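Please look through the sequence and the model shown here before reading the report that follows.

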Amino acid sequence: MSLAHSWCIIDKCNNKKRLMKKTYNSFKEFFPYYLSQHQHPKCRAMHYIGSALVIIVFIFSLLSHQLWYLWVLPVIGYSFAWLGHALFEHNKPATFQYPWFSLMADWVMFFNFLRGKHQDS
């Protein structure tokens, strides 16, 4: 499966914007882009809060045998993440263009945070 990301750059020779295509064929290629879209510490914090709440609600749901709580997991996780983008990062979440890579990257970023591993972009 091929995934493509588009963005505009300024052509310095004739000062025009042109559309460039970048294809991410692997998670390894995608992850640096994902991190570049999460530069603001408060945006990352919103992602971490959402991810932590997803884990807490998931465990609660299993332990209490209230499996209907599982339906709210995406709402919890994405609400915090998308609010972080809207309020602090001011960009479009990668989820809309790369749903699976973005989901994977969010959990990698979260577990790296828990391990104290510095996130390079």
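## The length of helix α2

Helix α2 covers residues 41–64, and its 24 residues, counted at 1.5 Å a residue, should span 34 Å, which agrees with the 34 Å that separates its end C-alpha atoms. The expected span of a helix is 1.5 Å times one less than its number of residues. Helices (H or I, at least four residues) and strands (E, at least two) are DSSP runs, numbered from the N terminus.

This is a predicted model, in which local features need pLDDT of at least 70 and side-chain atom pairs count only at pLDDT 80 or more, while totals for chains, interfaces and linings use all residues. Residues are numbered from 1 along each chain as its sequence is written, and side-chain values use heavy atoms, with hydrogens and water left out.

## The buried residues of α2

Which residues of α2 are buried? They are Cys43, Arg44, Met46, His47, Tyr48, Gly50, Ser51, Val54, Val57 and Ser61, where buried means under 20% relative accessible area, exposed means over 50%, and partly exposed lies in between (1.4 Å probe, protein chains only). These buried residues pack against α1 (27–36), α3 (73–89) and α4 (99–114). An α-helix has 3.6 residues a turn, so residues three or four places apart point the same way.

Arg44, which lies in helix α2, is buried yet has no salt bridge, and the nearest side chain of opposite charge, that of Glu89, is 6.4 Å away. A salt bridge is a side-chain nitrogen of Lys or Arg within 4 Å of a carboxyl oxygen of Asp or Glu; for charge, Lys and Arg count as positive and Asp and Glu as negative, whereas His and the chain ends are not counted. The side chain of Arg44 does, however, reach the backbone oxygen of His38 at 2.4 Å.

Leaving aside residues up to four places away in sequence, Phe58 touches Leu70 and Leu73, where a contact means heavy atoms within 4.5 Å. Phe58 and Tyr69 are 11 residues apart in sequence, and their C-alpha atoms are 7.5 Å apart in space.

Ile59 is likewise placed in helix α2, and at 42% relative accessibility Ile59 counts as partly exposed. Between Ile59 and Tyr69 there are 10 residues of separation in sequence and 10.0 Å in space, C-alpha to C-alpha.

Helix α2 is followed by His65, which lies in the loop between α2 and α3. The phi of His65 is near 60°, a positive value in a residue other than glycine, and His65 counts as exposed because its relative accessibility is 68%.

His90 has its place in the loop between α3 and α4. Although His90 is not a glycine, it has a positive phi of about 60°, and with a relative accessible area of 62% His90 is exposed.

## The chain as a whole

How many helices and strands are there in the chain? There are 4 helices and 2 strands, and along the sequence they follow the pattern β-β-α-α-α-α. Buried residues make up 34% of the 121 residues in the chain.

Among contacts between residues at least 6 apart in sequence, 57% join residues at least 24 apart. The chain exposes about 8100 Å², of which carbon and sulfur atoms supply 67%; accessible areas come from the Shrake-Rupley method with a 1.4 Å probe, and for residues only the protein chains shown count as cover.

Note on methods: A polar contact is a pair of N or O atoms within 3.5 Å; within protein, one must be able to donate a hydrogen and the other to accept it, and residues adjacent in sequence count only if both atoms are side-chain atoms.
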